[in-house]
Amino acid sequence: MAECDALLKGFRYGFSSVRPRFTQPTRMRQRALVRPEGSFVRLQCQASGTPVPTIVWYKDQVLLPALRQPVQNPQWTLTLRSLSPQDSATYTCHVANAAGSINASYKLDVVERSHCKPVLTGSHPVNTTVEFGGTASFQCRVTSDVKPVIQWLKRVETDMEEQYNSTLEVGGQHFVVMPTGEVWSRPDGSYLNKLAITKATDDDAGMYICLGANTMGYSFRAAYLTVLPDPQVENNAPPPHLSSGLPWPLIIGIPSAALLIVGSIVLWLCHTRLRVHSWSDWATGVLGTVTINPTLGWTKESVLRLGLA
């Protein structure tokens with residue numbers, strides 16, 4: 001019978017009729033929602049079809065008549081603000097056209113506020129390493145009864161404090177306030193904020209803190225950023241045997257002086273050898289052969305003949 005009704009509807013509207021379907025299913029994956037009292041929630045049932053489908057919403061299977069919308073302006077998203085425990089219920093969207101209908105349900109649980117300080121949930125922020133000139137990012141997720149203030153801080157080394165106009169002291173250490181972006185509300189009732197560091201340099205390395213605060217107090221968590229060395233500086237570095245820290249004139253002068261000394265010694269040795277060789281030739285030619293006693297050295301007679309006694 002249902003197939004006959006669909007066929008008759010097809011004849012009525014033409015065979016181009018298309019049954020409704022949800023166009024953004026990824027935004028509808030989380031169907032069980034928990035929200036703190038006083039917050040808000042958005043329930044989505046974006047759909048398409050031919051002809052354009054209508055949508056109505058139910059709360060615990062009771063129609064919400066105020067949410068009926070004409071075909072020209074269907075209310076694909078149900079927004080509930082200033083939630084209270086009475087808003088806890090199962091909300092269902094019913095989307096239909098001449099070709100058929102589809103449904104989706106959300107279970108909403110509104111909890112009373114615990115009136116406590118924020119809590120940093122998950123493992124973020126985590127230690128991060130980035131290449132020189134690259135982009136690094138930290139993220140921070142905070143659970144709070146009310147929308148918290150999320151602020152990023154960077155620790156300032158003791159010898160660098162004078163470079164900043166003002167710093168904050170947290171746990172006996174000094175920090176500088178970093179620019180903070182928008183705080184996003186997540187479907188699970190937590191809040192998310194991210195810190196992006198572009199064109200990272202050595203000055204960006206160090207400790208970063210995510211600080212979440214509300215009227216009841218604050219919580220924080222630290223992470224470290226490591227910036228890898230600049231590859232251009234490494235390529236231009238001097239060879240290891242020239243990186244002793246000595247001035248370059250001294251580095252060049254020491255080998256030159258050593259070469260000069262060695263050259264002088266070689267010249268002196270050559271000159272001395274030449275003199276000894278010349279004296280030996282002269283003595284042999286003038287005095288003749290000198291007899292040397294291998295046991296006593298020079299004999300007295302030879303000394304007398306030389307005229308050296």
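Biologist: Why is Cys210 called buried?

Modeller: Buried means under 20% relative accessible area, exposed means over 50%, and partly exposed is what lies in between, with a 1.4 Å probe and protein chains only. The value for Cys210 is 0%, so the residue falls under the 20% limit. Please note that this is a predicted model, in which local features need pLDDT of at least 70 and side-chain atom pairs count only at pLDDT 80 or more, while totals for chains, interfaces and linings use all residues. Residues are numbered from 1 along each chain as its sequence is written, and side-chain values use heavy atoms, with hydrogens and water left out.

Biologist: What makes the link between Cys140 and Cys210 a disulfide?

Modeller: The term applies to a pair of cysteine sulfur atoms within 2.5 Å. The S to S distance for Cys140 and Cys210 is 1.9 Å, so the pair qualifies. Cys140 lies in strand 12 (residues 136-143) and Cys210 in strand 18, and the two are 70 residues apart. Cys140 is also buried, with a relative accessible area of 0%. The torsion about the S-S bond is about -90 degrees, so this disulfide is left-handed.

Biologist: How many disulfides does the structure hold, and how are the bonded cysteines paired in sequence order?

Modeller: There are two disulfides, and the pairing is 1-2, 3-4. A disulfide also joins Cys45 to Cys93, with an S to S distance of 2.0 Å. The link of Cys45 and Cys93 is left-handed, with -80 degrees about the S-S bond. Cys45 lies in the loop between strand 3 and strand 4 (47-50), and Cys93 in strand 8, so the pair ties together parts that are 48 residues apart in sequence. Cys45 is buried at 0% relative accessibility, and Cys93 is buried at 0% as well.

Biologist: How do you know what counts as a strand, and how many strands and helices does the protein chain have?

Modeller: Helices (H or I, at least four residues) and strands (E, at least two) are DSSP runs, numbered from the N terminus. By that rule the protein chain has four helices and 21 strands.

Biologist: What makes strand 18 and strand 19 a pair?

Modeller: Two strands pair if DSSP finds at least two bridges between them. Strand 18 (residues 206-214) and strand 19 have nine bridges, so they meet the rule, and their sense is antiparallel. Within this pairing, Ile209 stands opposite Ala222 in strand 19. The two strands form a hairpin with two residues between them. Strand 19 (residues 217-227) also pairs with strand 11 (residues 128-130), in the parallel sense and over three bridges. There, Thr129 stands opposite Thr226.

Biologist: Why are strand 2 and strand 6 said to stand at the edges of their sheet?

Modeller: Five strands form an open sheet in the order 2-9-8-5-6, with mixed pairing. Strand 2 (32-36) and strand 6 (62-63) each have a single partner strand, so one side of each is left without a neighbour in the sheet. Inside this sheet, nine bridges join strand 8 to strand 9, which run antiparallel.

Biologist: What is meant by a nonpolar core, and how many residues has the largest one?

Modeller: A nonpolar core is a set of buried Ala, Val, Leu, Ile, Met, Phe, Trp, Tyr and Cys residues joined through side-chain atoms within 4.5 Å. The largest has 22 residues, and those with the most contacts inside it are Phe22, Leu43, Cys45 and Leu108. Strand 9 gives the largest share, five residues. A second, separate core of 21 residues includes Met178, Tyr191, Cys210 and Ala223.
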